[in-house]
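Colleague: I am new to reading protein models. Could you take me through this one, a question at a time?

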Amino acid sequence: MNKISDRLNALAGSNRSSWFERAKWLEENQLWLKKSGDIALDIMTILRAKKISKTKLSESLGVSPQQMSKWLSGNENMTLSTICKIEEALGYELIQVTDPKELENAFIEEKCFSGSEDSSSCEMYTIVVGHNNTFKSA
Amino acid sequence: MELFSIFASELYSIKYDGEVENEFDRLFKLWMNVEFVSEFIHRNAPLLKDKFWKGYSENDVVMLVRNEAFHFQLGLSQLYHNTIKGNFPDFDNKFEPIHLGDTGGYYELVESEIHGADRTVMPYRTVLRFYAVKVDANTYVIGGGGIKLTKTYEGTPGLSKEVAKLGHLKQYLIANGIFDKENLRQFEDEQNI
């Protein structure tokens, strides 16, 4: 056994890092991990600004410090229920969802500008939202 | 202490006594942990007053660390895929010697080198460092690392200790017969550069 790599492999034996599986998992879950990280950093920022300890927050939520640390790691797939409870405890909104009516109007506006919506819907839209826009079909 | 294989026959990492994981895994998990990184950056916020960090808030740096850790792992993952296909990584081109003080013979690995980015062309901020002992051509053992916020590692609290850990790693490798007389002499020569 002369080669250094042979000696290293013999010394490592069956000790192999599982990093490759973890990297694959990160790649597959990167979209929600980004949001989870941002939420965790928002919570850390609020705690620091408001001088609230992590212990106090975990106590007010009735969870263990270990569970709180999991959430603050930014690597947990938090449920909406959990996020809402934390928002309530902190008094800050952590995630925002588009108002369904605003979203609906945005799609109508998009169709009216493109001319694919009939003129009556666009006129009604103009009256309802109070826009002075002149749509192609109006 | 226990040795772990990262890339078979090229990259290894040490698990120190008292630690749960080897340094490679331990550091990547820390760098991806928002709570840890946020507290580290907040603790060392005065270092961000340097002109190098102009325009960066504490949270900017936290997000930079997490993003870099993410891409670091994906970059290594790509190298690992290439290895499976028979294209072995040129780690000698990716690890750089730590030149300062009496730390010759020790090396560092940064994310930009994994992706082959030319840091002389673009303003490339890389803050994550793996510290390693070179044991042979293209063969390294990772023994520490951390988040480097300053030009030299001595300026960032905790990093000198991480580099010093390489001394313990070297002793472990000698005690376990990884270095023979020839490459130990070569190693000592490099330390005296």
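Predicted model: local features only at pLDDT ≥ 70, side-chain atom pairs only at ≥ 80, totals over all residues.

Colleague: How many residues of chain A and of chain B are in contact?
Modeller: Take the two sides in turn. Chain A brings 27 residues to the contact.

Colleague: Which helix supplies the largest share of the side of chain A that touches chain B?
Modeller: Helices α1 (4–12), α2 (19–28), α3 (30–49) and α5 (65–73) of chain A each supply at least two residues of that side. By class, the side has 12 nonpolar, 10 polar and five charged residues. The largest share is seven residues, and the helix behind it is α1(A).

Colleague: Which strands of chain B stand at the edges of the open sheet?
Modeller: The sheet has six strands, in the order β1-β2-β6-β5-β4-β3 (chain B), and the pairing is mixed. A strand with a single partner has one side left without a neighbour in the sheet, so it stands at an edge. Those strands are β1 (2–7) and β3 (95–97) of chain B.

Colleague: What is the bridge partner of B:Ser13 in β6(B)?
Modeller: Strands β2 (residues 11–15) and β6 (residues 139–147) of chain B run parallel. Three bridges join them. For B:Ser13, the partner in β6(B) is B:Ile142.

Colleague: Which strands of chain B does α1(A) touch, and what angle does its direction make with that of β1(B)?
Modeller: Helix α1(A) packs on the sheet. It touches β1, β2, β5 (128–136) and β6 of chain B. With the direction of β1(B), its own direction makes about 120 degrees.

Colleague: How many residues of the contact of α2(B) with α3(B) are nonpolar?
Modeller: From α2(B) come B:Val34, B:Val37, B:Ser38, B:Ile41 and B:His42. From α3(B) come B:Glu58, B:Val61, B:Val62, B:Val65 and B:Arg66. Two of the residues are polar and two are charged, while the nonpolar ones number six.

Colleague: How far apart do the C-alpha centres of domain 1 and domain 2 of chain A lie?
Modeller: Chain A is divided into domain 1 (18–90) and domain 2 (100–129). The distance between their C-alpha centres is 39 Å.

Key. Residues numbered from 1 in each chain as written. Chains lettered and ligands numbered in written order. Contact = placed C-beta atoms within 7 Å. Helix = DSSP H or I, 4+ residues; strand = E, 2+ residues; numbered from the N terminus. Nonpolar A, V, L, I, M, F, W, Y, C, P; charged D, E, K, R; others polar. Pairing = 2+ DSSP bridges. Axes fitted to C-alpha atoms, helices over the stretch in contact; angles between N-to-C directions. Domains from an automatic or database assignment.
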